[in-house]
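I set out to record what I looked up in this structure, entry by entry.

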Amino acid sequence: MFGRSNTYSRRFSSLSKQWAQLTDSDSQTVPAAPHGQRRTYSKDGLDLVASDENLAGHEEHLKYRYQQFLATKDAIDQNEGGLLEFSKGYEKLGIIRKDGKTVYREWAPGAIAAQLIGDFNGWHGTWMERDEFGNFSVTLPDDPSGNPAIPHGSRVKIRLQHPGGWWVDRLPAWVKWATVEPGKMGAKYDGVHWDPPASEKYQFRHPRPPRPESLRIYEAHVGMSSEEEKVASYAYFTDNVLPRIKDLGYNAIQLMAIQEHAYYGSFGYHVTNPFAVSSRSGTPEELKALIDEAHRLGIMVLLDIVHSHISSNADDGLSGFDLGQPEEANYFLQGERGYHSQWDSRLFNYRGYEVLRYLLSNVRYWLEEFRFDGFRFDGVTSMLYHHHGINVGFSGSYSEYFSPATNVDAVVYLMLANDLTHQLLPQAITIAEDVSGMPALCRPVEEGGVGRYTEKTVGYAESHDQALVGDKTIAFRLMDAEMYSGMSVLQQPSPIVERGVALHKMIRTITMALGGEAYLNFMGNEFGHPEWLDFPRQGSCQSK
């Protein structure tokens, strides 16, 4: 009825066999759920109706989407041992060193053949083997001295043979770091194998802070956090910005632009490499140190995670694995369904088995490897509807939320992501950036909702949208050009400035008091940063 196949169990079973064949030697015991708890799920997803009587006219839709969630979850439970095991993809795919050998595995069913290339072999291809399901692999033993075949910090790519016969170079889908030639705008990124020796790996020292009753979130972009004309580093943010955030009374930070993105001016939302830490600001170990220090200060750290779309860059992004193969063997939808016209980006095939493995593993990776305390899921409105909210005005009628226009595949993915997140970390915070106001979006998955906790909202006077994309900040709207001439400490403030500062404080006070259960402020807006912030790009003379 809503455009979603009912053949999940059969298809999942078939695909899981290929994975079992690929990774039998690496199988592990499935861990117990946190605290030994086992969830009880609604039978039909209609427990929601008790919380909102307006849902009563949409039972069939709610039942349908919940059946799809249960069918998907049950298939993963039966064929993979559960979400916890299914989400360990980053321990099995990509470049992994174990037991004296380095193994590289990649799902690339669109390719005829593949070679691993990089500094380690002088960029002369090392052939990979392809199985019947499109999984490529190669095993490289350590050298006689026990050194890994692919050294830490060396550049790597995968060379794929297109069905048309030609070859293309791509970055590994699971690459943990990627770098670009310094000082060269528009240069393509290289994948970098990140596996530092034990002596160089960051060791976390501080426990996660407890979840506060009310969140006061400081939204920040690390690269833009310095007063100097440069891209700031994770180390700079740790030493200079975190103390300020603590002193201002915030108990959580929301970090944007962490996942690698080739185009800096995308604000981090055109992600190219979902598992890679943005190299402009430093290394994965330096990001871990930032998060650990935030925890020492009692500050939770949320990741602005982008699973709603992905950059269309093929040479240095995940999009490059689309070689024209059909959707069932692809990370992305095809044709118009797979392209976001306003964002010029690709859209995930949330029904795909390996796509679910990839995205859910990405959720787990950031939670466990970096100890983020939760997520702000970006672009959720685009995910929830086939029309992506483009040229659609939501009036509040429930028929706008529960109809054939709803992307049930994406809804099911969000349910799985929330379920996994709170299995791994019960106190985790998940925030959906949804401007449509879909009812029950944040109700618990167990009762048929898409989220985990009862519905709460984050209130804010302004977010990064005003400071980054060319709009005026509130301070600038209140005082405009007077900010440049009437705010000197060497003279009395003008009436416009006095009124503007007073209103600026009042607006924030009222918003914090009445806006919701949490409050958010974007970096710099707390003191009325006068202008929107820019990125290195052609239109700004490559400003930094």
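I began with a definition: buried means under 20% relative accessible area, exposed over 50%, and partly exposed in between (1.4 Å probe, protein chains only). I also noted that helices (H or I, at least four residues) and strands (E, at least two) are DSSP runs, numbered from the N terminus.

I noted that this is a predicted model, in which local features need pLDDT of at least 70 and side-chain atom pairs count only at pLDDT 80 or more, while totals for chains, interfaces and linings use all residues. Residues are numbered from 1 along each chain as its sequence is written, and side-chain values use heavy atoms, with hydrogens and water left out.

**Entry 1: strand β12**

I looked up how β12 (residues 252–256) is placed. Five of its five residues are buried, so the strand is largely enclosed by the rest of the structure. I recalled that side chains in a regular strand alternate between the two faces of the sheet. On one side of β12 I found Ala252, Gln254 and Met256, and on the other Ile253 and Leu255, all of them buried.

I then looked up the partners of β12; two strands pair if DSSP finds at least two bridges between them. Strand β11 (residues 215–221) runs parallel to β12 and is joined to it by five bridges. In this pair, His221 is opposite Met256. Between the two strands the chain passes through helix α4 (residues 234–247), and this β-α-β crossover is right-handed. Right-handed means that, with the strands pointing away from the viewer, the path from the first strand over the helix to the second runs clockwise. Strand β15 (residues 300–305) is also parallel to β12, with four bridges. There I found Ile253 opposite Val301.

**Entry 2: strand β22**

Five bridges join β22 to β11 in parallel, with Glu219 opposite Phe522. Strand β21 (residues 458–459) also pairs with β22 in the parallel sense, over two bridges, and Val458 is opposite Ala518.

**Entry 3: an open sheet**

I traced an open sheet of four strands in the order β1-β2-β6-β5, with antiparallel pairing. Its edges are β1 (94–98) and β5 (129–130); each has a single partner strand, so one side of each is left without a neighbour in the sheet. The antiparallel pairing of β5 with β6 (residues 135–141) rests on two bridges. The bridge partner of Glu129 in β6 is Ser137.

**Entry 4: salt bridges**

How many salt bridges does the structure hold? I recorded 26, a salt bridge being a side-chain nitrogen of Lys or Arg within 4 Å of a carboxyl oxygen of Asp or Glu.

One of them joins Arg97 and Asp142 (2.8 Å, N to O). Arg97 lies in β1 and Asp142 in the loop between β6 and β7 (155–161), so the pair ties together parts that are 45 residues apart in sequence. Arg97 is partly exposed at 37%, whereas Asp142 is buried at 18%.

Another joins Asp190 and Arg155 (3.6 Å, N to O). Asp190 is in β10 (residues 190–192) and Arg155 in β7, so this pair ties together parts 35 residues apart in sequence. Asp190 is buried at 16%, and Arg155 is partly exposed at 34%. Salt bridges that share partners join Asp119, Arg155, Lys157 and Asp190 into one network.

**Entry 5: Lys176**

I found Lys176 in the loop between β8 (167–170) and β9 (177–179). Lys176 is buried yet has no salt bridge, and the nearest side chain of opposite charge, Glu369, is 8.2 Å away. (Lys and Arg count as positive and Asp and Glu as negative; His and the chain ends are not counted.) Beyond its neighbours within four places in sequence, its contacts (heavy atoms within 4.5 Å) include Tyr90, Trp194 and Phe275.

**Entry 6: positive phi**

Most residues other than glycine have a negative phi. Phe267 is not a glycine, yet its phi is positive, about 65 degrees. Phe267 lies in the loop between β13 (259–260) and β14 (273–277) and is buried at 18% relative accessibility.
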